[in-house]
Amino acid sequence: MEKVMMKLGGLTCPSCLTKIQKGVESIGGTADVKVLFNAGKVKFTLDPAQTSIDTVQKNIEKMGYAVQGVKTKEL
């Protein structure tokens with residue numbers, strides 16, 4: 001398992017928070033999704049055996065938000 005933090009661009013309103021959270025939660029292998037609106041970040045736990053950071057990033061970008069940076073930490 002990995003703890004992932006992505007810096008996002010394009011967050012303009014609180015409804016973005018809900019959209020991103022539901023979008024990331026819908027990907028198998030993600031858990032504990034938290035979107036930090038004021039910081040422009042999304043944090044979540046990732047199971048690399050089920051999905052990849054790339055998959056999550058592409059999903060977020062399809063929603064219209066830019067991923068400006070990714071940090072991971074092994075759990």
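Analyst: A disulfide is here a pair of cysteine sulfur atoms within 2.5 Å. The model is a predicted one, in which local features need pLDDT of at least 70 and side-chain atom pairs count only at pLDDT 80 or more, while totals for chains, interfaces and linings use all residues. Residues are numbered from 1 along each chain as its sequence is written, and side-chain values use heavy atoms, with hydrogens and water left out.

Under the disulfide rule, the count for this structure is zero. The cysteine sulfur closest to that of Cys13 belongs to Cys16 and lies 3.6 Å away, which is too far for a bond. Cys13 is partly exposed, because its relative accessible area is 26%. Cys16, with a value of 4%, is buried.

The chain around this part can be followed by its helices (H or I, at least four residues) and strands (E, at least two), which are DSSP runs numbered from the N terminus. Thr12 sits in the loop that joins β1 (2-9) to α1 (14-25). Thr12 is exposed, because its relative accessible area is 66%. From Thr12 to Lys34 there are 22 residues along the chain, and their C-alpha atoms are 17 Å apart.

Within strand β1 lies Glu2. Glu2 counts as buried, because its relative accessibility is 15%. Glu2 and Lys62 are separated by 60 residues in sequence and by 23 Å in space, C-alpha to C-alpha.

Next comes strand β2 (residues 30-36), which holds Asp32. Asp32 is not a glycine, yet its phi is positive, at about 50 degrees. Most residues other than glycine have a negative phi.

Further along, Gln50 is placed in the loop between β3 (41-46) and α2 (53-62). At 55% relative accessibility, Gln50 is exposed. Gln50 and Lys73 are 23 residues apart in sequence, with 17 Å between their C-alpha atoms.

Lys73 itself belongs to strand β4 (residues 66-74). Lys73 is likewise classed as exposed, because its relative accessibility is 56%. Lys73 and Glu61 are twelve residues apart along the chain, and their C-alpha atoms are separated by 22 Å.

To return to the part requested: the sulfur atoms of Cys13 and Cys16 are 3.6 Å apart, too far for a bond, and the disulfide count is zero.

Conventions
Buried < 20%, exposed > 50% of the residue type's maximum accessible area, 1.4 Å probe, protein only.
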